[in-house]
Amino acid sequence: MPKAATKRRALVCLAMILVAALYLANTRAAQQKEDVMVTSNALGRPGGTLTLAVRSDPKTLNPVLAVDETTREIIDCMNADLIHINRETQQPEAALAKSWSISHDGETYTLHIRRGLRFSDGQPLTADDVVFSFQLYLDEKIDSPQRDLLMVGGKPISVEKIDDYTVRFHLAQPYAAAERLFDGLAILPKHLLESAYKAGTFAQSWGVSAAPDQFAGLGPFRLKEYVPGQRIVLERNPYYWKVDGTGRRLPYIDTLVFLFVPSEDAQVIRFQAGDTDLLSRFSAADFSVLQREQAAKGYQLEDLGSGLEYNFLFFNLNNLDGKNLPAITRKQSWFRDVRFRQAVSAAIDRDGIVRLVYEGRATPLWSQVTPGNKLWLNTALVQPAQSLEHARELLRGASFSWSSSGALLDPSRQPVEFSILTSSSNAERTKMATLIQDDLSKLGMNVHIVPLDFQSMVARLLNSFDYEAAIMGLASGDVDPTSDMNVWLSNGGTHLWNLTESKPATAWEAEINQLMNEQLVTLNYGQRKLLYDRVQQIVADELPVICLASPHVLVGASRRVGNFHPSILEPSALWNIDELYVH
Amino acid sequence: MRRTYKFWITLVLLAGFHLAIFFAGFLAPYSFSAQNRDFSYAPPSRIHFVDSHGKFHVRPFVYQWITVAHRYGSYEENGQKAYPVRFFVAGAPYKLAGIFSSHLHLFGVDTPGRIFILGTDDYGRDQFSRLLYGGQISLAAGWIAAAFSILLGAVIGCLAGFYGGWIDDVLMRGGELFLALPWLYLLFAVRAALPLQVSQGQVFLLLIVVIGMIGWARPARLIRGIVLSAKQRNFVTAARAFGASDAYLLRRHILPQTYGVMLTQMTFLVPQYILAEVTLTFLGLGVGEPMASWGSLLASLQQYSVMVSYWWMFLPALLLIPVFFGYYTLADALQERVKSVAL
């Protein structure tokens with residue numbers, strides 16, 4: 001009897017070994033067929049849950065329609081792009097496309113897609129999915145926010161399938177760093193979305209209420225559950241196309257939970273309490289609060305230095321003919337005088353802003369490119385310290401004078417008095433305004449601060465032009481100057497200080513136009529750098545925007561998060577979510 | 001007897017508070033807007049009698065705060081030089097009641113020393129000075145808004161109560177409409193629609209008047225009730241029989257009956273509207289920088305980092321408790337007096 005049992009056990013063992021060997025051979029074969037990307041990250045421990053907080057519910061889960069930051073952050077965890085900007089090196093690198101080549105004239109891009117990849121529902125990825133995705137992004141009726149990016153030289157990029165794993169993109173004109181355009185453009189499953197697209201209901205597909213089995217993506221995670229007002233839960237995508245050095249398929253984490261926590265303070269408190277593992281986009285003051293408990297609670301806190309956000313003061317230089325705003329029109333004779341703008345800039349205590357608004361966690365700025373943007377920063381720009389004497393000299397040169405009580409008078413002996421709009425929800429910019437108000441009062445200027453809710457402020461800045469000056473901040477999504485075209489071109493949609501120009505209003509704006517358009521079609525980095533250096537010089541001299549400071553990018557992670565390498569590019573803590581793991 | 005005692009003590013305390021706030025310029029060592037960018041969030045100055053050598057001084061003195069090794073917001077005392085507290089010193093110019101210019105301050109220390117008895121805010125402004133100056137704005141806001149409410153309430157309440165009928169219906173239903181009005185949104189709309197050239201002070205005054213005007217419904221209801229009962233009294237009927245006009249009746253016989261209610265309502269409404277000002281500032285609709293109000297002093301506490309880092313930012317809130325307590329005690333006491341007079 002014991003003999004028979006041993007024999008049977010041996011047989012069972014043999015069978016199991018055979019099955020395991022077959023299985024291994026099979027997966028090995030599948031992996032060889034599959035063009036996976038091997039990452040070089042430090043090895044992590046698989047499994048576990050990572051929790052983080054975002055400000056609001058996602059508005060949609062459709063990558064073609066998503067606009068706001070929170071929505072994109074969640075969607076990006078479930079999708080992948082052909083060419084991706086590495087957030088650490090700031091350079092484009094192969095993603096779903098294994099390689100790409102550029103024609104000599106710079107107008108044709110050929111991309112070779114990795115073979116054997118699968119969507120998170122197990123269906124294969126082919127060139128048809130890529131062509132279909134770009135069809136969606138370029139469709140005028142769908143009106144995707146990415147559509148503008150894909151217009152080169154006024155014409156949409158065209159896409160052509162060469163074979164199942166090769167696609168070719170044609171551009172109307174050479175376009176510098178065109179490969180950066182592919183970043184963030186998710187490739188979508190044709191087999192799931194084509195019917196909705198053909199039926200004309202694409203705008204309603206992949207909304208937040210759609211069931212998880214309707215989705216499929218190429219990102220590290222896929223949708224598991226969405227509870228409105230509380231959380232969205234993502235689970236590991238078993239078909240993800242990256243493996244680590246030992247061949248283990250990424251991501252390491254099994255479950256990713258986004259909690260909806262509407263205020264920054266509440267997010268900080270939840271992080272402190274250990275409810276969340278990652279924290280980004282919080283103020284320097286909160287950074288100090290967390291720092292005090294860092295030793296006891298053992299978080300990882302990182303000050304990454306200046307990011308890409310630049311905050312600035314600007315004056316209303318719009319053409320107000322026919323707007324019936326006589327008071328502002330009168331003051332525009334000061335605002336248009338570059339010496340007036342230079343005097344204001346010279347009187348501003350940028351170091352004070354850095355110290356009092358950001359507790360030192362910011363960098364003073366004199367032009368739009370921040371020190372975080374190492375590839376494009378013009379390091380030759382002079383950074384004059386605050387000088388009230390120089391400011392007075394400039395004003396005197398522009399025929400301003402002072403009354404006996406010290407009030408500044410314009411050339412027609414009217415007192416200089418103007419208001420600065422700020423958004424009441426942004427405490428930091430309101431604080432900057434208060435410091436500037438005090439600085440300018442030393443020149444005899446009487447400055448009022450008008451905090452408005454964000455919507456009313458934007459309505460004044462973009463539509464009614466009923467404002468005198470304002471403080472705003474902009475942050476480019478990418479380091480490349482091309483991403484800021486709409487700010488600097490005189491007919492750009494974010495050319496905030498003057499949105500009424502049909503042709504450049506000043507010689508220097510004409511020069512900026514010419515420089516920006518030239519860098520766009522120049523393919524050599526060195527030449528482009530020279531052109532963009534000149535743009536920075538013009539901005540620093542002519543001061544269409546008076547740059548103030550660039551806040552540092554601050555991020556935190558709990559002790560148990562491994563492979564935490566935040567970057568200054570968004571999403572700073574999540575960009576390597578596929579490599580993160582929990583201890 | 002005890003009741004009278006409480007009443008007078010409260011009255012004297014409140015009067016003291018109001019006087020202090022009226023003489024803010026004299027009592028405050030600095031201007032409400034003077035920034036000291038090297039003393040951002042400096043804790044209250046410590047008043048010393050014994051110096052670092054253990055020697056006793058009759059005249060109190062302070063040491064200067066210096067930043068600890070470039071760490072923002074942490075300070076230590078520089079024991080090198082003592083700054084004795086002096087009285088009746090010359091300092092920043094101010095105007096008393098908007099008329100009399102002066103340089104004289106009750107106390108201060110020699111520059112470059114600074115004395116911050118309640119610490120400083122993020123711009124390094126003296127919180128004590130801002131508390132006193134802020135009181136001028138907040139109390140004025142409370143009084144003006146309350147006066148508007150009572151005035152409108154009295155007129156409308158008298159008309160409704162005296163004439164009754166459809167006038168009463170229209171006015172009182174209108175009042176209910178005002179009670180149901182989401183006044184915060186109304187204020188947002190008013191602020192967003194105003195032209196930029198209006199100064200912050202004017203904007204604030206306007207918002208206060210708007211609040212006051214919206215708040216008439218509650219006093220109007222009370223006054224209407226009193227008028228209703230008063231007009232049926234025998235002496236009113238008698239006067240009417242003698243041919244007295246409506247205006248005469250209202251002025252001579254009915255209105256005096258409502259004075260007590262008006263007074264108690266006023267003491268209730270003033271602190272209520274001071275709080276309304278705090279709410280406005282919380283929402284960014286209050287007096288703009290660099291002006292101070294009690295609302296703006298409290299508003300900084302909305303930030304979690306301020307709340308957990310700088311304990312002295314709570315002091316203004318603590319000091320306001322007796323003021324509100326005083327007003328409500330006064331209102332209580334007045335109400336009882338009115339009752340006993342009526343009986």
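Mentor: Let's start with what a domain is here: its bounds come from an automatic or database domain assignment. Keep in mind that we're looking at a predicted model.

Trainee: Okay, which stretches make up domain 1 and domain 2 of chain A?

Mentor: Domain 1 of chain A takes in 49-299 + 558-582, and domain 2 runs over 309-552. Their C-alpha centres are separated by 34 Å.

Trainee: What makes the two domains of chain A count as touching, and how many residues does each bring to the contact?

Mentor: The test is C-beta atoms within 7 Å. By that test, 16 residues of domain 1 of chain A and 17 residues of domain 2 of chain A take part. On the domain 1 side, α6(A) gives the largest share, 4 residues. That side splits into 9 nonpolar, 5 polar and 2 charged residues.

Trainee: And chain B, where do its domains lie?

Mentor: Domain 1 of chain B is 45-115, and domain 2 is 131-342. Their C-alpha centres are 40 Å apart.

Trainee: How do you know whether the radius of gyration of chain A agrees or disagrees with a compact globule?

Mentor: Set the value against the rule: for 583 residues, a compact globule would come out near 25 Å, and chain A has 28 Å, so the two agree. For the outline, its C-alpha atoms fill a box of roughly 115 × 60 × 45 Å along the principal axes.

Trainee: What makes a residue of chain A count as buried, and what share of chain A does?

Mentor: The cut-off is 20 or more other C-beta atoms within 10 Å of its own. In chain A, 46% of the 583 residues pass.

Trainee: How many residues of chain A and chain B are in contact?

Mentor: 30 residues of chain A meet 22 residues of chain B. β22(A) supplies the largest share of the chain A side, 5 residues. By class, that side has 11 nonpolar, 10 polar and 9 charged residues.

Trainee: Now helices α3(B) and α6(B): at what angle do they pack, and how far apart are their axes?

Mentor: Packed helices are described by the angle between their axes and the distance between them. Here the angle is about 35° and the axes are 7 Å apart.

Methods. Residues numbered from 1 in each chain as written. Chains lettered and ligands numbered in written order. Predicted model: local features only at pLDDT ≥ 70, side-chain atom pairs only at ≥ 80, totals over all residues. Helix = DSSP H or I, 4+ residues; strand = E, 2+ residues; numbered from the N terminus. Nonpolar A, V, L, I, M, F, W, Y, C, P; charged D, E, K, R; others polar. Rg over C-alpha atoms; globule rule 2.2 N^0.38 Å. Buried ≥ 20, exposed ≤ 12 C-beta atoms within 10 Å, placed from the backbone. Axes fitted to C-alpha atoms, helices over the stretch in contact; angles between N-to-C directions.
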